[in-house]
Amino acid sequence: MRKAGCNGMKLKRCPFCGGKAEVGYGESFMHKTAFIYCMDCHIRTKPQMEGMTMPYNGKPGTYISLEKCKQMASSEWNRRVHDTYMVMSEGEAGA
Ligand SMILES: [Zn+2]
């Protein structure tokens, strides 16, 4: 048996209005972005940008494909975490 119409990604309904969510695309600084938005109230996740990530703490940047962006945005939408912690670095050492 073959499963038809399965695009491999399930999006939960909007936490605010119960509306249907969809993948949206945009562009930022010449890079494609992907995000998830609610078709009713238009709340959306922050856009994930395709391309190389910035090198950070000596780690080199990695390439993020648009497909990966979609996945990151979807898991963010589905996660429903409101307690994102701001990590404060102790003592700002100058570079
Ligand atoms: Zn909504």
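**View 1. An open sheet of 3 strands has the order β1-β2-β3.** Pairing in this sheet is antiparallel. β1 and β3 stand at the edges, each with a single partner strand, so one side of each lacks a neighbour in the sheet. Strands of a sheet pair through backbone hydrogen bonds, either parallel or antiparallel. The model shown in every view is predicted. The protein holds 1 helix and 5 strands. From the N terminus, its elements run β-β-β-β-β-α.

**View 2. β1 and β2 form a hairpin.** Strand β1 covers residues 21-28 and is joined to β2 by 8 bridges. The two strands run antiparallel. 2 residues lie between them. In the turn, F29 has a positive phi of about 50°. E27 stands opposite K32 in β2. G26 has T33 of β2 as its bridge partner.

**View 3. On its other pairing, β2 meets strand β3.** β3 consists of residues 48-49. The two strands pair in the antiparallel sense, over 2 bridges. Q48 in β3 stands opposite A34.

**View 4. K32 lies in strand β2, which spans residues 31-38.** K32 is partly exposed: 16 other C-beta atoms lie within 10 Å. That count falls between the limits, because a residue is buried at 20 or more and exposed at 12 or fewer. Beyond its neighbours within four places in sequence, K32 is in contact with Y25, E27, E50 and L66. One of these, E27, also stands opposite K32 in the strand pairing. E50 is 18 residues from K32 in sequence, yet their C-alpha atoms are 5.4 Å apart.

**View 5. α1 lies across β1, β2 and β3.** The helix runs at about 25° to β2. α1 has 14 residues, which at 1.5 Å a residue should span 20 Å. Its end C-alpha atoms are 20 Å apart, so expectation and model agree. Which residues of α1 are buried? They are C69, K70, A73, S74 and W77. Seen down the axis of α1, these buried residues fall within an arc of 130°, so they line one face of the helix.

**View 6. The largest nonpolar core has 11 residues.** Its members are C14, A21, A34, F35, I36, Y37, C38, M49, C69, A73 and W77. Two elements, β2 and α1 (66-79), each give two or more residues to this core. Which of them provides the largest share? β2 does, with 5 residues. In soluble globular proteins, nonpolar side chains tend to be buried together. Across the 95 residues of the protein, 18% count as buried.

**View 7. C38 is one of the core residues.** Leaving out residues up to four places away in sequence, C38 touches C14, C17, G19, A21, I43 and R44. C14 and A21 among these also belong to the core. For the protein overall, take contacts with a separation of 6 or more: 32% of them join residues 24 or more positions apart.

Conventions
Residues numbered from 1 in each chain as written. Predicted model: local features only at pLDDT ≥ 70, side-chain atom pairs only at ≥ 80, totals over all residues. Helix = DSSP H or I, 4+ residues; strand = E, 2+ residues; numbered from the N terminus. Contact = placed C-beta atoms within 7 Å. Pairing = 2+ DSSP bridges. Core = buried A, V, L, I, M, F, W, Y, C linked by C-beta atoms within 7 Å. Axes fitted to C-alpha atoms, helices over the stretch in contact; angles between N-to-C directions. Expected span 1.5 Å × (residues − 1). Arc of directions from axis to C-beta.
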